[in-house]
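Here is a short briefing on one protein chain. Take a look at the fold before you read on.

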Amino acid sequence: MSTVQLNLYARCLHFRTEVRVALPEYPNQRNENIPYRQAFEPALRFPVVYLLHGFTGDYTDWTSMIPIERFAAETGFAVVMPHGYNTWYRNVPGGFQMESFIADELPAAVEALLPVSSAPRDRFIAGLSMGGTGAIRMAWRYPERYRAAAAMSAVPDLTQSFCEASDPSYEAQLRQSVQSVYGGETAAQNEGDELLKLGAAQQRLGVKLPPLLFHYGEQDVRFQAQYLPFKRFCEANRLPVTFATAPGRHNFDYWEPTIRQIFRWFMEVHQNS
């Protein structure tokens with residue numbers, strides 16, 4: 001397993017940004033009986049998971065709070081961890097074009113610089129909380145680019161109030177961030193409603209959506225407001241979403257074992273492609 005730290009200029013952001021990438025070992029990397037250049041096979045391209053962090057976090061969360069390199073090594077995926085800057089992975093009006101960066105510029109850069117596959121059948125996306133919301137949007141807005149997607153503790157319905165959590169200060173920051181990114185409270189609510197309807201609209205058009213695994217902690221403060229309504233909506237519209245829950249709250253005690261399950265699910269999906 002190798003870890004690569006990229007510092008690259010992003011045209012979509014107009015500044016240099018950090019991206020961490022975990023790469024599995026090459027099959028013959030430890031084989032002392034073959035030359036080095038054969039051990040690192042130039043033609044090999046790893047399947048890849050683009051992994052999006054949550055609100056107030058950054059790309060280092062996946063390696064400081066979760067042993068994501070080990071999960072990558074176990075499943076054979078490269079893992080690309082960008083910095084999301086509290087943008088909800090959206091194109092912010094007059095600001096960061098983060099959706100374009102994640103959907104277009106980041107894959108182009110990673111596929112050119114590292115041994116990462118460019119084939120849609122090898123490309124996956126996942127995230128937690130804000131990152132889970134971003135992963136859903138990417139999978140549904142760009143369905144031809146991803147084999148599958150997964151979201152933990154996501155907030156797919158931004159029309160719901162943020163007042164149900166126990167930390168008023170955090171909730172105020174969250175609400176302010178959403179309003180800033182979406183261009184005001186009304187715009188945020190309208191766009192939140194659109195996200196719920198995006199998948200159904202794509203399905204009506206005959207677009208094949210990638211399968212989505214939607215996972216939630218049963219003690220999460222948003223379980224009633226987000227998980228259950230989203231489940232009812234997706235089932236009513238026959239969207240290709242698998243729902244799963246486990247005991248847990250909105251924290252890394254829940255996210256660590258869950259992301260490991262997600263990687264194993266991705267591996268099964270990839271093997272059955």
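In what order do the eight strands of the open sheet stand? This is a predicted model, and in it the strands line up as β1-β2-β4-β3-β5-β6-β7-β8. The pairing is mixed.

**The edges and the twist**
- β1 (2-10) and β8 (241-246) stand at the edges of the sheet.
- Each has a single partner strand, so one side of each is left without a neighbour in the sheet.
- From one strand to the next, the twist averages 20 degrees.

**How strands pair**
- Strands of a sheet pair through backbone hydrogen bonds, either parallel or antiparallel.
- Strand β2 (residues 15-23) and strand β4 (residues 78-82) show the antiparallel sense, with four bridges between them.
- In this pair, V19 stands opposite P82 in β4.
- β7 and β8 run parallel, and six bridges join them.
- Here H215 stands opposite A244 in β8.

**Helices lying across the sheet**
- Helix α3 (residues 68-75) lies across β1, β2, β3 (48-52) and β4.
- Helix α3 runs at about 150 degrees to β4.
- Helix α9 (residues 252-271) lies across β3, β4, β5 (123-128), β6 (148-152), β7 (212-217) and β8.
- Helix α9 runs at about 170 degrees to β6.

Notes
Residues are numbered from 1 along each chain as its sequence is written. This is a predicted model: local features need pLDDT of at least 70, side-chain atom pairs count only at pLDDT 80 or more; totals for chains, interfaces and linings use all residues. Side-chain values use heavy atoms; hydrogens and water are left out. Two strands pair if DSSP finds at least two bridges between them. Helices (H or I, at least four residues) and strands (E, at least two) are DSSP runs, numbered from the N terminus. Axes are lines fitted to C-alpha atoms, for helices over the stretch in contact, and angles run from 0 to 180 degrees between N-to-C directions. Contact means heavy atoms within 4.5 Å.
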